[in-house]
Amino acid sequence: IHSFVEVQSHEDPLGSQLQLYKELFEERLLENTGNFYQKEAQKLYEQNDVSNYMIKVIEKLDEEELRLRKFIHHTSISPCKKECVNKLIADIQDRLLDEYKI
């Protein structure tokens, strides 16, 4: 990860050091993260009621944040977390809310 940033800084010391990293790595990271958590959301939703689903989501988000802080450049943490939340909660919020309607 850091090599993307370092390569860019050697090639273009006056330019953005993160451009190569963002173009070659972060874009794919966000796409793959979204795809993974979209599938994970569907699986968790099918296997749990809403309360347990939300417990599992919190666990997944905590696990993902630890991974991000350990392996990913700090500028990617927030976009990755947002992608996880979107796929695990926002994208299926209507289904979650429907279960609580009386």
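**Notebook: cores and helix packing**

I began with the largest nonpolar core, which has 11 residues: Tyr37, Ala41, Leu44, Tyr45, Val50, Tyr53, Val57, Cys84, Leu88, Ile92 and Leu96. I keep in mind that this is a predicted model. When I looked up where the core residues come from, I found that helix 2, helix 3 and helix 4 (77-88) are the elements that give two or more residues to this core, and that helix 2 supplies the largest share, four residues.

I then noted a second, separate core of seven residues, with Leu18, Leu68, Ile72 and Ile77 among them.

Next I looked at how helix 2 and helix 3 (residues 50-71) pack, and I found an angle of about 150° with the axes 10 Å apart. On the helix 2 side the contact is made by Tyr37, Glu40, Ala41, Leu44 and Tyr45, and on the helix 3 side by Tyr53, Lys56, Lys60, Glu64 and Arg67. Sorted by class, this contact has five nonpolar and five charged residues, and no polar ones.

I turned to single residues last. Leaving aside neighbours within four places in sequence, I found Val57 in contact with Leu88 and Ile89.

Conventions: Residues numbered from 1 in each chain as written. Predicted model: local features only at pLDDT ≥ 70, side-chain atom pairs only at ≥ 80, totals over all residues. Heavy atoms only, no water. Axes fitted to C-alpha atoms, helices over the stretch in contact; angles between N-to-C directions. Contact = heavy atoms within 4.5 Å. Nonpolar A, V, L, I, M, F, W, Y, C, P; charged D, E, K, R; others polar. Core = buried A, V, L, I, M, F, W, Y, C linked by side-chain atoms within 4.5 Å. Buried < 20%, exposed > 50% of the residue type's maximum accessible area, 1.4 Å probe, protein only.
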